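I opened this entry to record what I looked up.

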Amino acid sequence: MSDYPGRLGEAIETLSFAADPADRADLLLSFANRFREVPPEVARRPFPEIHRVPACESEAFAWGVLQDDGTLALHFAVENPSGVSAKALAVILDRGLSGLPPSEIATVSPDIVYDIFRRDISMGKGMGLMSMVRAVQTIARQAAEAEADGSQGARIFPRPPERPGR
Amino acid sequence: MEAVLKEIDVRGYAHPEALVTTEWVHQNLNNTAIRLIESNEDTLLYASGHLPGAVHVDWTADLNDPIRRDYIGPEAFSALMDRLGVTPETTVVFYGDRNNWWACYAMWVFELFGHTRARIMDGGRLKWQKEGRPLTREVPRFTASGYNAPGRDDHTNRAFRDEVLAFASAHGQLVDVRSPEEYSDQRLHMADYPNEGALRGGHIPGAKSVPWGRAVNPEDGSFKSGPELRRIYVEEQGLLPNREVIAYCRIGERSAHTWFVLKYLLGFDRVRNYDGSWTEWGNSVGLPIEKGQ
């Protein structure tokens, strides 16, 4: 399980012990039940579109907040009440990756979706969940670049694109 | 009970018996002649809580052949029915997420095996939950029913590529139930969904564009009334109920929802679902394609 950054491997190892699909579903639900939405000090509704996860029918949003110690804290919102799998993934990503330097978080592969949910999901669902992981990658890369540049300003990622001419 | 049944009867459907209300289901939770079947896009939803006594059908794992692109055969269908405790006499009531999209798809597959004692619970999970009705995480177990499925009927409700090509060439009635953007080639997949690998965009020549979601009331996922549906499909699109119609989408699941609407709610004489749909048509060499609105 060393291929996964941070504590992500622990969650995936735990899931790997659940051979029975029903046990696996219970485990994933236990993750989903621990979902806590992005705190109001980071974002309030209506959430800015820049944080929307593309191609995710669960209407997920993602944020990364760069901490003073140079680590990243991940936050999510899932607007579709039926988005149970998206909530489970959000909790796994948050618990597994928050508190790591952004450069380390950026190494997470979207393929972890299949390690977590196996092949039991539709292609559409799988791609939507992989898009959540890609959103985290984007957030982490932007935060890593901001750290490397020593740039000041907002510490919340992804950042809106800069206006032309600025 | 009579009032509950009338609620569907007064909506002007051709076959009101194909639809049941959430209240009717609530009153029949302990009816052993009925099996509730939940089918969702998010396969974790059933485990998170379902109607008391309901069983789960996973549209990918339970209904599709694990190797080739096709549905399960009669042996696997019999085994599935055994697991669900369904006999040929059992009335199955499907419901699920996303306005019963997957519930209609499961019902369509059941009909391929001749299990026509089937209903849809109007509004699905959304309406049931909005009404504050009970959910449970208890998974019921049933003894094997000894179901012996007949061979799959791929003729009555299903259409294949070459049949669709001949049908389109003869100016048969086709309904494209994807989004207008997919229909017109502005995009290769529905909004918020990834592309499932179509090389070409557009639609089958002559197809009418009627996105599947137009058939439902978005606030509670229930079906629109018969007159409202007739206004959309018959008056606005000019589809003739006494002529055959073929519906398609991307992989045949959204179009199963429209198949249910046209066949049972509007009573079209013959409705088939082209499950190869755009992922087959848009990737096939040499097939005709139309673009634009």
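For the first search I took a disulfide to be a pair of cysteine sulfur atoms within 2.5 Å. The model I searched is predicted. Over all chains of the whole structure, I found zero disulfides.

I then checked Cys249(B) by itself. Which cysteine sulfur is nearest to Cys249(B), and how far away is it? It is the sulfur of Cys104(B), at 12 Å. Because the cut-off is 2.5 Å, Cys249(B) is in no disulfide.

Next entry: the contact of chain A and chain B.

I looked up how many residues each chain gives to the contact. Chain A gives 21 residues and chain B gives 17 residues. For the area buried between chain A and chain B I wrote down about 1600 Å². Carbon and sulfur atoms carry 61% of that area.

I went on to the charged pairs. The count of salt bridges between chain A and chain B is two. I looked up a salt bridge of Glu57(A), and its partner is Arg98(B). The closest N and O atoms of Glu57(A) and Arg98(B) are 3.0 Å apart.

Which elements of chain A give two or more residues to the side that touches chain B? I listed α2 (21-33), α3 (84-97) and α6 (123-149) of chain A. The largest share comes from α2(A), with five residues. I sorted this side of chain A by class and got ten nonpolar, seven polar and four charged residues.

Last entry: the aspartate in chain B.

I located Asp275(B) in the loop between β9 (271-274) and α11 (277-281) of chain B. Is Asp275(B) buried or exposed? I noted a relative accessible area of 8% for Asp275(B), which means that this residue is buried, the limit being under 20%.

I then listed what Asp275(B) touches, leaving out residues up to four places away in sequence. The list is Arg69(B), Tyr71(B), Trp108(B), Arg158(B), Ala159(B), Ile251(B) and Gly252(B). With Arg158(B), I noted a polar contact between the two side chains at 2.7 Å.

Technical notes: Residues numbered from 1 in each chain as written. Chains lettered and ligands numbered in written order. Predicted model: local features only at pLDDT ≥ 70, side-chain atom pairs only at ≥ 80, totals over all residues. Heavy atoms only, no water. Contact = heavy atoms within 4.5 Å. Buried area = accessible area lost by both parts, 1.4 Å probe. Salt bridge = Lys/Arg side-chain N within 4 Å of Asp/Glu carboxyl O. Helix = DSSP H or I, 4+ residues; strand = E, 2+ residues; numbered from the N terminus. Nonpolar A, V, L, I, M, F, W, Y, C, P; charged D, E, K, R; others polar. Buried < 20%, exposed > 50% of the residue type's maximum accessible area, 1.4 Å probe, protein only. Polar contact = N/O pair within 3.5 Å; in protein donor to acceptor, adjacent residues only side chain to side chain.
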